[in-house]
Structure formats: C-alpha cells, structure tokens
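I opened this model to see what sits where, and kept notes as I went. Here they are, in the order I looked things up.

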Amino acid sequence: MEFVFDLEQNKDKIKELKFFMRENRGKKGLLMATLHEAQNLFGYLPIEVQRIISQELRISLSEIYGVATFYSHFSLVPKGEYDIGVCLGTACYVKQAQQILDKVEEVLGISVGQTTPDRKFSISATRCLGACGLAPVMMVGEDVYGRLKEDDVEEILNKYR
Ligand code: FES
C-alpha cells in the first residue's frame, strides 16, 4: 500500500526540518537527530522527506533508508488513527499472545508495521507493556485490554471502526 505524501501541504514542516538541519550542521549524530525530528514532524519518514534529508546532509538515500529501517522507532508508513500493540513480552507470550496478534492481523488484513489503507489502524511491534498480571495484553490507541481471548479480538476492533 502506497501512501501519498503531499509536499505542498507539508511545506511549512519541510521548512522547519531544513532549518533544523542547517542550524545543527556539522554536529555529531546529526542524521539520527534529523530522523527523529522528521518523525516527530510528519509522524513517519516518507521517501520524499528522506530525499530532502539526503540532499541537505549529502548522505546517500540508501544510507538514510538503512538507518530508518534498522531502528523500530522509525516508521516508513504513517501510523493509523489507532495504533495497535499486542504485547509479545514473556508473560503475554506464554499466554498465547501470538494467536491474538495473528487474529488482529487476520481481521485487519495487515501485518505488524503496516497501516490499513483508510489509515484507521496500524499494528506495531510491542514489548512488555508493564501489565503482565493482565496477560495477554493488547493496546488500541490509549486503551488497554487484558486477559484477552482470540474470540474477543474482532468485537474489540469493531468498536473503533
Ligand atoms: S509481558 Fe505483556 S505486559 Fe508484560
């Protein structure tokens, strides 16, 4: 699924990003700092933005892409209105969290790291959410669901459709 990035609509944010790079030119770790800044500004790192960073910092696009895909903090697609995280930490994993995740993927028709075409839902890789007593745990946006069963998944997601 290709998401269209509108350069015109984002021109003020692009200006801000260029200003950030120029202000910090020559500083150590500028690429990482710039990618963080871009992710904060746009919510993800579209290829058009990676190209702008490549030109400004004179770093090859493939190097930028490599860094952007290496760190799970960065996303190459926009997150959905509701980002879903099924915890795969140990306590959840032993309580069949993988089956919960499989069900979420099946119901939404997308995999971890992807966003539905209507941008309503995205699924992110998630480690311990600090609610192990409620295992297995899933978050939908800010809402936490615990002691889940595979059969609960569809009903929960329908509440957000
Ligand atoms: S392991 Fe899932 S909440 Fe801790």
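**Entry 1: Leu108**

I started with Leu108, which lies in helix H6. Helices here are DSSP runs of H or I with at least four residues, strands are E runs of at least two, and both are numbered from the N terminus. Before going on, I noted that this is a predicted model, where local features need pLDDT of at least 70, side-chain atom pairs count only at pLDDT 80 or more, and totals for chains, interfaces and linings use all residues. Residues are numbered from 1 along each chain as its sequence is written.

Is Leu108 buried or exposed? Leu108 counts as buried, because it has 20 C-beta neighbours inside 10 Å. The cut-offs I used: buried means 20 or more other C-beta atoms within 10 Å of the residue's own, exposed means 12 or fewer, and partly exposed is in between, with C-beta atoms placed from the backbone.

I then looked for what Leu108 touches, leaving aside neighbours within four places in sequence, and found Thr116, Phe121 and Leu157. Contact means that the C-beta atoms, placed from the backbone, lie within 7 Å. Leu157 is 49 residues away along the chain, yet its C-alpha atom is 8.7 Å from that of Leu108.

**Entry 2: the sheet**

Next I traced the strands. Four of them make an open sheet in the order E2-E1-E3-E4, with mixed pairing. From one strand to the next, the twist averages 20°. For pairing, DSSP has to find at least two bridges between two strands.

I went through the pairs one by one:

- E1 and E2 run parallel and are joined by six bridges; Cys87 stands opposite Thr126 in E2.
- E1 and E3 run antiparallel, with three bridges; Val86 has Met138 in E3 as its bridge partner.
- Strand E3 (residues 138-140) and E4 are antiparallel over three bridges; Met139 stands opposite Val144 in E4.

How many residues of E1 are buried? Five of its six are, which leaves E1 mostly covered. Helix H6 (residues 97-108) lies across strand E1 (82-87), E2 and E3, and runs at about 155° to E1. Axes are lines fitted to C-alpha atoms, for helices over the stretch in contact, and angles between N-to-C directions run from 0 to 180 degrees.

**Entry 3: the cores**

I looked up the nonpolar cores, meaning sets of buried Ala, Val, Leu, Ile, Met, Phe, Trp, Tyr and Cys residues joined through C-beta atoms within 7 Å. The largest has 18 residues, and those touching the most other members are Ile84, Val86, Cys87, Ala97, Ile100, Val104 and Met138. E1, H6 and E2 each supply at least two residues of this core, and the largest share, five residues, comes from H6.

I checked Met138 separately. Not counting residues up to four places away in sequence, Met138 touches Ile84, Gly85, Val86, Cys87, Ile100, Tyr145 and Leu148. There is also a second, separate core of nine residues, including Ala38, Leu45, Val49 and Ile64.

**Entry 4: H2 against H3**

I turned to helix H2 (residues 30-42) and helix H3 (residues 47-57), whose axes come within 11 Å and cross at roughly 145°. From H2, the contact uses Leu30, Leu31, Thr34, Ala38 and Phe42; from H3, Val49, Ile53 and Leu57.

Ala135 and Pro136 are joined by a cis peptide bond, with omega about -5°, and Pro136 is in the loop between E2 and E3.

Gln96 is not a glycine but has a positive phi of about 70°. Gln96 sits in the loop between helix H5 (90-93) and H6, and it counts as partly exposed because it has 15 C-beta neighbours inside 10 Å.

Arg147 also has a positive phi, near 45°, and is in the loop between E4 and helix H7 (153-158). Arg147 is exposed, with 11 other C-beta atoms within 10 Å.

Methods:
Contact = placed C-beta atoms within 7 Å.
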